[in-house]
Amino acid sequence: MIKLGNLKEHIGKEVEVQAFVDNVRNIKWVQFIVLRDLTGKVQVTIEKSLEENKEMVEIVNELTIDSTVKIKGKLIENENVKLNGMEIIPTSIEVTSKCLGELPFNYNNLEGVNLDTRLDHRFIDLRNEKNGLIFKVQSTLIRYMREYLYNNNFTEIHTPKMIGAASESGSEVFEVKYFDRKAYLAQSPQFYKQMAMAAGMERIFEVAPCFRAENSNTNRHATEFTSFDLEFSYIDSFEDVMNLEAEMLAYGLEHLKNEMGEKIKKVFGVDIIVPTLPFPKMALRDVYTEIEERYGYKVDESEKTDLTTEAERLVGRLAKEKYNHEFMFITDYPADKRAFYHMRNEEGVLQGYDLIWRGVEITSGAQREHRYEEICKNAASKGLGEDVKFYLDFFKYGCPPHGGFAIGVDRLTMLLLNVPSVKESQFLFRGPNRLNP
């Protein structure tokens with residue numbers, strides 16, 4: 001079977017294709033079918049007057065748009081055919097599945113179609129070229145990010161998503177029944193990434209689902225999402241983590257631009273901008289000082305322990321105006337606002353960062369606390385005890401200095417393609433009010 005996007009290599013030959021029926025025109029002397037698959041479209045032409053076409057003509061008379069067909073025939077050049085200057089003259093047509101009714105909406109014209117209606121019928125919504133392309137782009141970017149890590153001696157692992165203790169802070173987790181006891185859906189693979197460091201695996205990553213029981217209904221939050229996580233050993237500071245992330249993103253975006261930049265520009269109207277290295281960085285306190293001076297944005301001192309949503313947006317603007325860059329690392333967060341496993345320096349300042357891209361946070365990363373006595377103190381300060389004992393044991397028997405980060409794949413895709421909501425950059429969105437399809 002030949003994909004439609006590869007047909008030009010087979011001009012003058014017998015071909016077999018399988019695809020959706022995109023359109024049917026049935027006029028006096030001839031029938032035209034336009035087929036589509038993920039790679040392209042092609043016209044099929046049937047002369048009604050030819051006796052050998054009688055059976056195929058009857059099939060096309062009953063053919064409905066969005067049915068699927070298998071067609072064999074000869075591919076010929078025809079300069080009069082507007083669609084790629086070629087057509088298939090069929091010798092057989094088989095309907096492999098029939099579209100049995102009117103579609104819930106016209107996926108080629110989604111203007112005015114309610115997003116919930118589209119999500120209820122996501123299998124129809126994704127027949128729209130633009131919507132389907134989102135996931136080809138996402139897959140390509142993640143492939144190149146993986147490639148960067150493989151080229152730098154990382155190992156891909158797969159960690160459990162059902163765990164026996166509420167991870168991290170113990171809040172915002174989904175509880176599930178596990179035979180005769182409770183289990184929880186993992187918020188992140190953080191504990192297991194660090195277990196791999198204690199095991200001496202040195203450089204690992206994972207691309208997998210994470211779960212957050214947050215009753216949040218913004219355009220960038222979901223209760224289940226795909227996270228791109230990594231961890232690596234023998235670092236000197238969290239700046240090693242920042243540098244690796246910047247290099248990985250630059251590598252991924254450069255290769256994505258080379259492979260799909262023209263298609264992305266045509267369909268989404270978006271230019272892929274390959275970031276220069278190094279990425280700019282600012283301390284959190286300096287960010288608030290500067291956005292107040294530049295943009296008049298003021299918040300109460302109590303809110304300056306983290307970036308507000310509006311502050312994130314202004315950081316995106318500041319990065320462009322001050323550094324001519326789309327990315328900005330924000331450092332020097334107060335440690336009491338972050339997870340207990342993040343390292344703090346002697347002044348209690350978090351040895352970590354957030355990464356802002358286009359005015360939205362896409363990453364939290366840090367050097368981790370690897371010293372047993374210190375991480376036990378940190379856990380106790382958060383009121384964590386027996387629930388994380390299994391995790392604290394990882395550090396009893398030697399563990400190298402290490403750090404890592406996580407990127408939300410769906411949010412990354414949303415920002416890359418300027419999609420309005422993470423609901424559209426996820427294959428199937430899960431949020432507080434959506435568990436189907």
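Reader: Great. What sort of model is it?

Author: It's a predicted model.

Reader: Okay. How many helices and strands does the chain have?

Author: Twelve helices and 16 strands.

Reader: And what does the C-alpha trace span along its principal axes?

Author: About 90 × 60 × 40 Å.

Reader: How much of the chain counts as buried?

Author: Of its 437 residues, 50% count as buried. As for contacts between residues at least 6 apart in sequence, 65% join residues at least 24 apart.

Reader: Thanks! Now the helices. At what angle do helix 4 and helix 6 pack?

Author: At about 150°, and the axes of the two helices are 8 Å apart. Helix 4 covers residues 129-151. Anything over 145 degrees counts as roughly antiparallel, and helix 4 and helix 6 are therefore roughly antiparallel to each other.

Reader: Which hand does that crossing have, left or right?

Author: Helix 4 passes helix 6 in a right-handed crossing.

Reader: And what classes of residue make up the contact of helix 4 with helix 6?

Author: There are 18 nonpolar residues, four polar ones and eight charged ones.

Reader: How does helix 6 pack with helix 11?

Author: Helix 6 (residues 238-268) and helix 11 (residues 409-417) have axes 11 Å apart and pack at about 50°. That angle makes helix 6 oblique to helix 11. Here, too, the helices meet in a right-handed crossing.

Reader: Which residues make that contact?

Author: From helix 6 you have L249, L253, L256, I264 and F268, and from helix 11 there are L412, L416 and L417. By class, this contact of helix 6 with helix 11 has eight nonpolar residues, no polar ones and no charged ones.

Reader: Nice, on to strands. Which strands does strand 1 pair with?

Author: I can point you to two partners. Strand 1 (residues 14-26) runs antiparallel to strand 4 (residues 68-77), with seven bridges joining them. Strand 1 also pairs with strand 2 (residues 30-37) in the antiparallel sense, over six bridges.

Reader: How many residues does the hairpin from strand 1 to strand 2 go through?

Author: Three residues.

Reader: What is the order of the open sheet of three strands?

Author: The order is 7-9-8, and the pairing is antiparallel. Strand 7 (162-163) and strand 8 (175-178) are the edge strands, each pairing on one side only.

Reader: How many bridges join strand 8 to strand 9?

Author: Four, and strand 9 takes in residues 181-185. One landmark is E175, which stands opposite Y184 in strand 9.

Reader: Last topic: single residues. Is E424 buried or exposed?

Author: E424 has 12% relative accessibility. The cut-off for buried is under 20%, so E424 counts as buried. E424 lies in helix 12 (residues 422-425).

Reader: What is E424 in contact with, leaving aside its neighbours within four places in sequence?

Author: L115, R118, R122, I134, F135 and V419.

Reader: And E224, where is that?

Author: E224 is in strand 11 (residues 224-233). At 29% relative accessibility, E224 counts as partly exposed.

Reader: Which residues does E224 touch?

Author: Setting aside neighbours within four places in sequence, E224 is in contact with P209, C210, F211, Q426 and R430.

Reader: One more: how far apart are E224 and N433?

Author: In sequence they are 209 residues apart, while in space they are 12 Å apart, C-alpha to C-alpha.

Reader: Thanks, that's a friendly way in!

Methods
Residues are numbered from 1 along each chain as its sequence is written. This is a predicted model: local features need pLDDT of at least 70, side-chain atom pairs count only at pLDDT 80 or more; totals for chains, interfaces and linings use all residues. Side-chain values use heavy atoms; hydrogens and water are left out. Axes are lines fitted to C-alpha atoms, for helices over the stretch in contact, and angles run from 0 to 180 degrees between N-to-C directions. Angles under 35 degrees count as roughly parallel, over 145 as roughly antiparallel, 65 to 115 as roughly perpendicular and the rest as oblique. A crossing is left-handed if the near helix is turned anticlockwise from the far one by less than a right angle, and right-handed if clockwise. Contact means heavy atoms within 4.5 Å. Ala, Val, Leu, Ile, Met, Phe, Trp, Tyr, Cys and Pro count as nonpolar, Asp, Glu, Lys and Arg as charged, and the others, Gly among them, as polar. Two strands pair if DSSP finds at least two bridges between them. Buried means under 20% relative accessible area, exposed over 50%, partly exposed in between (1.4 Å probe, protein chains only).
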